[in-house]
2 protein chains.
Amino acid sequence: MTDSARVRGRRPAQGEPVVDRALSLLATFDAEHRTLTLAELSRRAEIPPSSALRLANRLVDWGALERDDAGRFCVGLRLLEVATLAPRGHGLRQVALPFMNDLAEVTHQHVQLAVRDGMQAMLVERLSAHQAAPVDYRIGGRLPLHSTGVGLALLAFAPKEVQEELLSKPVYSEPDNRLIAADVLRRTLADVRRERLAIFRREDEHESIVSVAAPVFGRDDVVLGVVGVLVPKRVAQPRRLGLAVQTTARGISRELGAAATRL
Amino acid sequence: MTDSARVRGRRPAQGEPVVDRALSLLATFDAEHRTLTLAELSRRAEIPPSSALRLANRLVDWGALERDDAGRFCVGLRLLEVATLAPRGHGLRQVALPFMNDLAEVTHQHVQLAVRDGMQAMLVERLSAHQAAPVDYRIGGRLPLHSTGVGLALLAFAPKEVQEELLSKPVYSEPDNRLIAADVLRRTLADVRRERLAIFRREDEHESIVSVAAPVFGRDDVVLGVVGVLVPKRVAQPRRLGLAVQTTARGISRELGAAATRL
DNA sequence: AGGGGGATGCCAATCAATGGAACACCGATG
DNA sequence: CATCGGTGTTCCATTGATTGGCATCCCCCT
């Protein structure tokens, strides 16, 4: 970092591989920034404009990025084309969708499909009826494993290491910031495992929401994901919903080839 | 290409940029090959195994790829996370989905949402009722602009250059390989533009299928995509379906801010 | 007119990228 | 049990693809 290092073609790559830099360009996009100018791209990825342009152009050539009529960059369809091949995402989605549709028709509420990715849940699919309450959970978005229905269900059936890692640090509930005692959470998870159903009440300032979720099993009794519904507290009938969600989850599991014992 | 060029660290990159090689790794995946071994990856991308492994590992680190328990590579969730930010894909999808749901509930058939990408149509969303006939159109998959309902609707409202380019070469209908005369296609497109509705009959060996599609407009009367339904010929009621599809398309267009004149 | 910001082309200096070789491993075949 | 073909992985000397500061152009806003 000495100022002597200011010559023409100095410090190429700065130690970071090209591929990583290209990927970091992709990572600069998020739900609030779906289109970015070159300057923004450059700043957010911390790559000099000239380099950012060169890399971005390569991504555009391939189709990972596109430029709109204003010249701004945005994520391209080609990326979507490849991404839909993700087995954990759309593979699961494909068999789950018809069942989710049925559930949506019956409940007229938001129906979600989520999988665990590391220490977070990722929303793979969401069906929303017209009249359902607006929530800003976004497909492709991430949710905490604690303090959502789908998250709790995923956590409860996750490998021990994952649970322990999450429990090793203090856990705070999401909308309001209250500490959740580790042993309380442990007991909750045990309940979820026993019932094969997670129920989470999310107290929001405007309207409280109840989310109910059940695990989807694949072969070898591995949990591949969870389905859940999101309903306003005032109309919630957790018991009836629970049965409906469990039934849906079972249907998907059966199609996925889950061992009959689990069903 | 002389054999003299066979030394240790010779010919790095072979002229192809690293980023392109990494992307070509992603491109080796398709619907028939959702998981690949390193050797397959290497062969399909035409990259030496050692280089392929190095690049693939970087993609894995970032999350673009994942390795399953057998060590095989597959597309990762992180890619899906970024890809859902594509404005032309999921942006459109988000507002269209509730309307599509309504249409699906009424028709109990496949409902599709597609956009044009270059000289092809790309399926952005597909809702399938349980009882709907099986078709292997896949989300993220590509369809020809001629010889599908959604394709014709997209083509009819595409820029003149696109239409001319497609018409400049002989066009063959898709399942059966019959030549479609250019002037016939021109007339069809004119009809589609006038009616704001495309109807295409796909004669398959097992079962003939009718697809009905209507354009979705955004601001400035730009066509952002099309919605369509797919029904078996024996139960098709094109006129009723046409109205339903047009209504759905209008609903989406309105929400997208299309000028009232177009509606 | 002038100034600030963004986009893009250029180019010499250099280090990240490269692929062959070597090794470990596995399952199938003789 | 040895052999063989195939796969996955590490290692490393060589070198050309990558780099970012600079100059230029363009547009918008005073």
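# Exercises on a predicted two-chain model

## Exercise 1: Overall layout of chain A

**Solution.** 
1. Next consider the extent of the chain.
2. Finally, examine burial and contacts. Of the 263 residues in chain A, 43% are buried. Among contacts in chain A with a separation of 6 or more, 53% join residues 24 or more positions apart.

## Exercise 2: The annotated segment and the three-stranded sheet

**Task.** Identify the UniProt annotation that covers residues 16-77 of chain A, and work out the strand order of the open sheet of 3 strands.

**Solution.** 
1. The UniProt record, an unreviewed entry, annotates residues 16-77 of chain A as "domain: HTH iclR-type".
2. Over residues 16-77, the chain is 53% helix and 13% strand, and the end C-alpha atoms are 27 Å apart.
3. Turn to the sheet: its order is β1-β3-β2 in chain A, and its pairing is antiparallel.
4. The edge strands are β1 (35-36) and β2 (65-67) of chain A, each of which pairs on one side only.
5. Strands β2(A) and β3(A) run antiparallel and are joined by 3 bridges. Within this part of the model, A:R67 has A:F73 in β3(A) as its bridge partner.

## Exercise 3: The surroundings of strand β11

**Task.** Explain why strand β11 of chain A is described as largely enclosed, and state which strands pair with β11(A).

**Solution.** 
1. Strand β11 comprises residues 223-232 of chain A, and 9 of its 10 residues are buried; therefore the strand is largely enclosed by the rest of the structure.
2. Strand β10 (residues 209-217) of chain A runs antiparallel to β11(A), with 9 bridges joining them. One position in β11(A) is A:V227, which stands opposite A:A214.
3. The hairpin of β10(A) and β11(A) has 5 residues between the strands, and A:D220 in this hairpin takes a positive phi near 60 degrees.
4. Strand β4 (residues 110-117) of chain A also pairs with β11(A), in the antiparallel sense, over 5 bridges. Here A:L230 in β11(A) is the bridge partner of A:H110.

## Exercise 4: Contact between the chains and the nonpolar core

**Task.** Describe the side of chain A that touches chain B, and name the residues with the most contacts inside the largest nonpolar core.

**Solution.** 
1. In chain A, 46 residues are in contact with 46 residues of chain B.
2. The elements of chain A giving two or more residues to this side are α1 (18-27), α3 (49-62), β3 (73-75), α4 (77-83), α5 (87-107) and β5 (120-127).
3. The largest share comes from α5(A), with 10 residues.
4. By type, the residues on this side of chain A divide into 27 nonpolar, 10 polar and 9 charged.
5. Take B:A114 as an example. Leaving out residues up to four places away in sequence, B:A114 touches residues including B:M122, B:V124, B:L143, B:L154 and B:V226.

Notes
Residues numbered from 1 in each chain as written. Chains lettered and ligands numbered in written order. Predicted model: local features only at pLDDT ≥ 70, side-chain atom pairs only at ≥ 80, totals over all residues. Buried ≥ 20, exposed ≤ 12 C-beta atoms within 10 Å, placed from the backbone. Contact = placed C-beta atoms within 7 Å. Helix = DSSP H or I, 4+ residues; strand = E, 2+ residues; numbered from the N terminus. Nonpolar A, V, L, I, M, F, W, Y, C, P; charged D, E, K, R; others polar. Core = buried A, V, L, I, M, F, W, Y, C linked by C-beta atoms within 7 Å. Pairing = 2+ DSSP bridges. UniProt positions renumbered as here; feature names shortened; annotations may be inferred.
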